[in-house]
Amino acid sequence: MKEHIITRRDFLKSAAAASLGLSLGLPTYLQSDKLYKSKVVLIRHPDVIDARGKINQKIIQQMIDEAVTTFIGTDNPREAWKKFIKPTDIVGIKSNVWSYLPTPKEIENVLIMRIQEAGVPQKNIDIDDRGVLSNKIFLNSTALINVRPLRTHHWSGIGGCIKNYVMFTPRPADYHPDSCADLGALWKLPIVKDKTRLNFLLLLTPQFHHLGAHHFDSKYTWQYKGILVGTDPVALDAVGLRLFELKRREYFKEESPIRPSAKHVALADTRHKIGTSNLKEIDLVKLGWREGILLD
Amino acid sequence: MIIIQTILLTLFMMTNQSNDSTKHSMVKLFPAEIQGWKPDGEMKYFKGDAIYDYINGAGEIYLCYNFNSVLVQRYLKKKKQEILLEIFDMGSSSNAFGIFTHTQSQGEELGIGQGAEYIPGLLSFWKDRYFICIRFENETPQLRKAAFAMGHKVAKAIASEGEKPEIIKYFTDQEFVQKSPPDSAVWGSIRYFFRYEILNQHFYVADKNILNLNDQTPSVLAQYSDDKSYILLVKYPNNELAMQSYKNFLTTYLPDAKNTNIVQTENGKWTGIQLEGRYVVIIFDANDIPSVENKFATIIRRIKE
């Protein structure tokens with residue numbers, strides 16, 4: 001059978017037809033045709049970060065609670081978490097320690113508290129990033145919570161929920177070819193397969209542009225003051241990618257596709273079948289602050 | 001058996017000695033002190049694939065340019081203002097030049113090393129087989145001044161200059177270099193590379209290596225500053241490989257080309273490919289057929305000169 005090669009011209013054919021294809025850099029025929037919608041909750045609060053950039057612990061807890069309860073359809077945060085976590089679970093919270101934009105401690109505090117309230121003893125909960133493969137909690141985990149900030153990435157287009165699991169392989173380089181096209185395959189590794197109960201893609205101060213290999217410049221972050229919550233990591237990343245597309249258009253005053261294309265998001269759907277990347281198939285529930293939301 | 005073991009041991013020792021020698025020569029490039037900033041902690045050394053331990057996925061880019069090793073030293077002043085000095089040994093001046101062009105975004109000439117640029121928080125330059133990055137957070141005039149002083153000192157410590165890859169001589173700054181406005185997303189400049197992964201980072205062509213790029217195929221991608229079209233020039237080791245790649249591109253990327261080598265693509269622009277001995281030239285996104293033909297003629301004339 002002749003190998004199918006995706007060229008730039010496939011992208012050009014579909015670019016005019018679908019805005020999603022534009023954002024993902026992939027032709028529409030590669031996108032999913034699922035019949036159900038993935039639910040994603042976006043919550044924002046104008047005061048979650050103060051003038052000095054410090055996160056308000058009380059407000060961030062309220063945001064997480066409201067998002068999780070809305071996602072599952074209940075009023076009580078403790079009851080909501082019990083839908084995701086059992087007292088017998090061993091829970092690994094996969095964070096991100098990139099020094100310029102790490103998972104904030106204030107969010108980790110809330111997650112630990114709610115998981116403990118779901119009945120999991122503290123000894124069966126841990127947070128880690130680069131050490132997950134030598135962490136006994138992660139090696140024996142029955143449940144994972146995935147939490148990290150969204151940013152552009154020099155090799156994979158964006159660093160989001162899908163890419164956050166690259167530390168679960170001893171050979172990250174195996175996933176680097178073709179701009180990290182197959183990061184979705186990480187989610188089928190035995191150490192993570194079917195264990196992820198919730199994903200939190202943090203949009204508090206996302207980084208929408210970068211220059212150079214691992215460059216950070218606060219000029220290319222903004223206080224969006226939001227969090228995306230859901231069980232589908234691909235859907236969260238697809239919404240995050242759309243947000244970046246809109247932010248870059250606003251900032252650069254022209255279409256400015258992310259380079260390289262974050263094609264791994266669409267391929268996590270179409271090739272690896274771990275979630276939904278088509279925005280038309282994602283039920284985005286918006287809560288809280290609306291000013292500057294972009295995702296209208 | 002003993003002879004084989006002796007040979008292997010000798011080779012191992014020679015490799016280790018070579019590594020130590022390389023590392024030692026790099027250590028000497030690090031300044032002892034710059035305007036009050038002094039080394040803090042041990043130097044870190046990463047060789048080959050170990051670069052992933054240092055910069056995760058971004059390490060792939062350096063490996064695409066046949067990266068050899070990197071030495072990293074943190075400098076501190078008053079226990080809080082940090083400058084990070086990274087010296088990458090890229091193995092050859094072509095590779096050092098290549099990684100510099102890959103990361104280059106502003107096109108400014110700073111007079112440090114053989115090419116340098118500064119963006120807030122990062123001064124980078126190349127000289128000989130080295131690519132150097134000087135990083136810091138929260139820019140202040142003092143930090144910026146110290147970073148530039150450090151750059152000059154490191155550049156001076158590298159005694160020799162290296163040659164740029166030969167293929168670059170066909171490209172002039174006047175035609176291609178765009179000085180990006182401060183808030184532009186456009187990455188200007190001329191890119192040198194030899195892997196399709198790098199090509200795709202700057203101009204996505206295909207998800208497979210349809211042009212057979214590898215360590216033996218020096219390549220340049222550049223964007224014309226007038227009509228914003230792109231030129232890709234690849235030099236192959238021999239005419240046969242060039243012909244094979246030319247045909248493969250026609251089949252895969254321009255399957256609708258009938259008795260022609262220039263096609264109007266879905267965005268209304270024109271893309272064409274030309275074979276010239278060991279060279280393949282591709283023009284992407286030109287405004288019309290004469291424009292593609294003129295660009296072919298110009299670059300081929302230079303190749304023949």
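Leaving aside its neighbours within four places in sequence, which residues is Ala143(A) in contact with? The answer is Ile85(A), Asp89(A), Val91(A), Lys195(A) and Arg197(A). Keep in mind as you look around that this is a predicted model.

**Starting point: Ala143(A)**

- You can find Ala143(A) in strand S4 of chain A, which covers residues 143-153.
- Is Ala143(A) buried or exposed? Ala143(A) is buried, because 22 other C-beta atoms lie within 10 Å, and the cut-off for buried is 20 or more.

**The largest nonpolar core**

- In soluble globular proteins, nonpolar side chains tend to be buried together.
- Here the largest nonpolar core has 159 residues, and the residues with the most contacts inside this core are Ile227(A) and Ile83(B).
- Helix H8(A) gives the most to this core, with eight residues.
- Which residues does Ile227(A) touch, not counting residues up to four places away in sequence? They are Ile43(A), Met63(A), Ile64(A), Ala67(A), Phe200(A), Leu202(A) and Leu203(A).

**Two helices side by side: H8(A) and H9(A)**

- Two packed helices are described by the angle between their axes and the distance between the axes.
- For helix H8 (residues 233-252) and helix H9 (residues 263-270) of chain A, the axes come within 10 Å and cross at roughly 150°.
- That angle makes H8(A) roughly antiparallel to H9(A), because angles over 145 degrees count as roughly antiparallel.
- The crossing of these two helices, H8(A) and H9(A), is left-handed.
- On the H8(A) side, the contact is made by Val234(A), Asp237(A), Ala238(A) and Leu241(A); on the H9(A) side, Val265(A), Ala268(A) and Asp269(A) take part.
- Sorted by class, the residues of this contact are five nonpolar, no polar and two charged.

**Where chain A meets chain B**

- How many residues of chain A are in contact with chain B? There are 34 of them, and they are in contact with 31 residues of chain B.
- Helix H1 (8-15), helix H7 (177-180) and H8 of chain A are the elements that give two or more residues to the side of chain A that touches chain B.
- That side of chain A has 13 nonpolar, 13 polar and eight charged residues.

**Chain B as a whole**

- Chain B contains nine helices and 12 strands.
- Chain B has 305 residues, and 43% of them count as buried.
- Among contacts in chain B with a separation of 6 or more, 60% are between residues 24 or more positions apart.

**Two loop residues with positive phi**

- Most residues other than glycine have a negative phi, and most peptide bonds are trans.
- Lys253(A) has a positive phi, near 60°, and is found in the loop between H8 and H9 of chain A.
- Lys253(A) counts as exposed because it has 11 C-beta neighbours inside 10 Å, where 12 or fewer is the cut-off.
- Asn66(B) also has a positive phi, near 55°, and its place is in the loop between helix H3 (59-64) and strand S2 (69-77) of chain B.
- With 16 C-beta neighbours inside 10 Å, Asn66(B) counts as partly exposed.

How values were computed
Residues numbered from 1 in each chain as written. Chains lettered and ligands numbered in written order. Predicted model: local features only at pLDDT ≥ 70, side-chain atom pairs only at ≥ 80, totals over all residues. Helix = DSSP H or I, 4+ residues; strand = E, 2+ residues; numbered from the N terminus. Contact = placed C-beta atoms within 7 Å. Axes fitted to C-alpha atoms, helices over the stretch in contact; angles between N-to-C directions. Parallel < 35°, antiparallel > 145°, perpendicular 65-115°, else oblique. Left-handed = near helix turned anticlockwise from the far one by under 90°. Nonpolar A, V, L, I, M, F, W, Y, C, P; charged D, E, K, R; others polar. Core = buried A, V, L, I, M, F, W, Y, C linked by C-beta atoms within 7 Å.
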